[in-house]
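Hi,

Here is the structure I promised to pass on.

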There are 2 protein chains.
Amino acid sequence: MREVFRHALPTELSDSEEAAIKSKLDRLEKIISEIKAGKGNRLKYVAGKLELRTREEEFINVDPIQAAGRLTLDARKALISYGDGYSVCDNCRKPFRLDKIKKPQLEEFHAELATFLGMDAARVVPGARRGFQAVVSSLVEKGDIVLLTAFSHYTEFLAVEASGGVVREVMGDEKNIITAEAIAERIEAIEREEGKRPALMIIDHIDYLFGNEHDVYGAGKVAAEYDVPFLYNGAYTVGTMPVDGKAIGADFVVGSGHKSMASCAPSGVLAVKDEWVDKIFRTTAIKGDLTMRSFGIKEVEMLGCTLMGAPVITMMASFPHVKERVKEWKNEVRRSNRFIELFLKVKGSKVLSEMPRKHTLTKVDTTASFDVIAKTHKKRGYFFTSELKKRGIIGIFEGATRDWKLNTYGLSDREIEYLGEAFIEIAEKYGIEVE
Amino acid sequence: MREVFRHALPTELSDSEEAAIKSKLDRLEKIISEIKAGKGNRLKYVAGKLELRTREEEFINVDPIQAAGRLTLDARKALISYGDGYSVCDNCRKPFRLDKIKKPQLEEFHAELATFLGMDAARVVPGARRGFQAVVSSLVEKGDIVLLTAFSHYTEFLAVEASGGVVREVMGDEKNIITAEAIAERIEAIEREEGKRPALMIIDHIDYLFGNEHDVYGAGKVAAEYDVPFLYNGAYTVGTMPVDGKAIGADFVVGSGHKSMASCAPSGVLAVKDEWVDKIFRTTAIKGDLTMRSFGIKEVEMLGCTLMGAPVITMMASFPHVKERVKEWKNEVRRSNRFIELFLKVKGSKVLSEMPRKHTLTKVDTTASFDVIAKTHKKRGYFFTSELKKRGIIGIFEGATRDWKLNTYGLSDREIEYLGEAFIEIAEKYGIEVE
């Protein structure tokens, strides 16, 4: 029906357009009555060869990276209205920059984002990785050292590689935790051996490998003490748990929209302290050598504007819910631990992440439980994910039965019980001992 | 209703969930009967404080940058299904890269994109600007010269600025056209005066200022002759008219998804010739110094994966339509010229772009027509856009009555006539002479 209106004259619908609307309304009524009668055919393709995606509607999805990026209802509504290309640019006025647009409320949203993260200024970026890139590109010259950790995400490495920087890692302790002491020691060792300190350190609050919590507050103190700029990677925290950048002692906070803020990919946020605004969000100084053209207040690292439609509108629509949900983090952690409690009833199953869980992302090891079955099952490891799928559970890497990850973010108590019981049920079916 | 299913157990709906679905279905039936009866209230907000966006349904939108970025019906459908965060990553398998995903058909789509542009390899990027950045960052060292033109888009300047390069411009001729001769002359002058050739030249096929067509085929010959790598900027052409990169002589082709490929922002494509694949799409070589971790075939300039959801799914869903619509380019140009014919009937109105029009984006000058009225009208320049809006026409910069741009892309013959007549009607209303 929208498509009919999109091609109609603004004055009125023609007879054939009226008829098309009528026919669509009739079809919709028919669909409703079919649903009510429990009849009707399932749609296979949503458009062309693209299959309908019903992962979130039909399954409990525990995919390690997808859980907190699911759109809220409001984000899905906003997306229907604001999907078109440059949809948020309808009222772009001087000085022509995304974060200055007043309608929809992008300017206000940017200010709120900064406040939400306890920082002074914020910009939206096409994914956390583009936030790393902006900071690294601003601070790191060829040969400069960037301090990462043994658990750093690959996109941090790539940002350093793109700038010609050199990576030095901090190792975790016996529990795979990055401590403040280890960071300080490595900085001292680097200075001793290489005659200079890192130009930047990037510490992930929660790492993607184990979902362990690292000592970012301690890192903030070390950063201040050794005068090393500190980028806090909140890809797994910004949007799921409360994050106060200044309290942490971060110079930069990066978050991911599609990982943890219930937003379309690619989206993210880069927030900085006042003292860094002029460096990271520096405006263009380049000029045409003949025309002498210059380009106002466009920011070099942002390449002007960043998310001109779907991703930023979903970030905005989800934001009021995101602000509320971070207050519920304790319950998310409680439910994560409750799931693990059920999961560990299956003998031989282990947790590789720190215990008790402080996050909803967990790495487990089922080598001594489900993998034993996989060894002789005709479907091999696929028996396991197939059994889970039969029970409406999806998101665990297909065929994995040794070590694998899952994320329980957003599941209700009822879903957590169901999920935990499913593992027990499968174990019992295959004769694995259950406690 | 989807939201109910999203929180339900996979087994069955509870009584309260069944009731919620039933109540939603009843509400939907009520809405349908209201529509049929011509009653009901207009929705103001789509989510929270976000106003419903109906620009495309209620108006003829001639916004210079929005026209060819409007989603197709299939793209809007795909978006409803694939809005969630990492939606296209459900079946991401080794080697874990966006362009290798088989379901949905991202691998196939990437191959088709390259073919469509007459190039060898293609990647999707978060906007054309990120395509410029990838090429510039790969080829341009500090102090290197990049050849742009007097009409180059600011994002090209910013990409050069970010890499520490230096810009040299080619000026247009008396008709504001960049000719092959002018490009060759400037390259020679640069070599003479600065002792080196440009490391890269970027030529916009159609510029954003006038919508003029520049001699990109000639530019391709010059590029080959002087051995300067040539980036063809097709932000206004890829997705609207046929583009054959190799026939043009381009080393790199960049297009914009949200500007010309009926896709969500930020999206775009970067296509390269075989000989450039190893340079532009080079895979990571960096390693953790203690863990010795390395990161497989992730591409440095892409920072791994780029568009993991909404933008790429809309590009894919629109793509079959985009492939068809570029064949209709001649008709788009014919309609653009028909509009201009009507527009010029208003005495004093002028066209600043080249004539006859070769594109649907046009810059006009109404200083001697509508601006004369604006001078004494109590609404000033807003009288003009307000009169247009009354007639259901939107997208011309609010308040502009001197020089301004519009884009007729995608309008039907009927809409073109309506649009042209509207200008005549307004002129007549205010006593401006009409031919």
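(Strands are DSSP runs of E with at least two residues, helices are DSSP runs of H or I with at least four, and both are numbered from the N terminus.) The bond that joins B:Met355 to B:Pro356 is a cis peptide bond, with omega about -10 degrees.

Some housekeeping before the rest. This is a predicted model, where local features need pLDDT of at least 70 and side-chain atom pairs count only at pLDDT 80 or more, while totals for chains, interfaces and linings use all residues. Residues are numbered from 1 along each chain as its sequence is written, chains are lettered from A and ligands numbered from 1 in the order in which they are written, and side-chain values use heavy atoms, with hydrogens and water left out.

Chain B has another cis bond, from B:Ala265 to B:Pro266, with omega near -15 degrees. B:Pro266 is in the loop between helix 11 (257-260) and strand 10 (268-272) of chain B. In chain A, A:Ala262 lies in the loop between helix 11 and strand 10 (268-272) and has a positive phi, near 55 degrees, though not a glycine. A:Leu303, in the loop between helix 12 and helix 13 of chain A, also has a positive phi of about 55 degrees without being a glycine. I flag these because most residues other than glycine have a negative phi, and most peptide bonds are trans. A:Ala262 is buried, with a relative accessible area of 0%, and A:Leu303 is buried with a relative accessible area of 0%. (Buried is under 20% relative accessible area, exposed is over 50%, and partly exposed is in between, using a 1.4 Å probe and protein chains only.)

Chain A overall

Chain A has 17 helices and 14 strands. Its C-alpha atoms fill a box of roughly 75 × 70 × 35 Å along the principal axes. Of its 435 residues, 63% count as buried. One that doesn't is A:Asp278 in helix 12 (residues 274-280), which counts as exposed at 66% relative accessibility.

The annotated residues

The unreviewed UniProt entry puts "modified residue: N6-(pyridoxal phosphate)lysine" at A:Lys259. (UniProt positions are in the numbering used here, feature names are shortened, and annotations may be inferred rather than shown by experiment.) A:Lys259 is in helix 11 (residues 257-260) of chain A and counts as buried at 6% relative accessibility. Beyond its neighbours within four places in sequence, A:Lys259 is in contact (heavy atoms within 4.5 Å) with A:Ile65, A:Ala68, A:Gly69, A:His153, A:Ala235, A:Tyr236 and, from the other chain, B:Tyr86.

The unreviewed entry's "binding site" annotation covers A:Ala128, A:Arg129, A:Asn233, A:Ser256, A:Gly257 and A:His258. They span 131 residues in sequence, but no two of their C-alpha atoms are more than 14.4 Å apart, so they gather at one spot. A:Arg129, in helix 6 (residues 128-139) of chain A, counts as buried at 8% relative accessibility. Again leaving aside neighbours within four places in sequence, A:Arg129 is in contact with A:Tyr154 and A:Thr155, and with B:Leu303, B:Gly304, B:Cys305 and B:Met308.

Helix packing

Helix 4 (residues 73-82) of chain B is mostly covered, with seven of its 10 residues buried. Those buried residues pack against elements of both chains, including helix 4 (73-82) of chain A and helix 13 (310-325) of chain B.

In chain A, how far apart are the axes of helix 4 and helix 13 (residues 310-325)? They are 8 Å apart, at an angle of about 150 degrees. (Axes are lines fitted to C-alpha atoms, for helices over the stretch in contact, and angles run from 0 to 180 degrees between N-to-C directions.) That makes helix 4 of chain A roughly antiparallel to helix 13 of chain A, a label for angles over 145 degrees. Among the residues making the contact are A:Ala75, A:Leu79 and A:Tyr82 of helix 4 and A:Ile313, A:Ala317 and A:His321 of helix 13.

Cheers

Methods. Angles under 35 degrees count as roughly parallel, over 145 as roughly antiparallel, 65 to 115 as roughly perpendicular and the rest as oblique.
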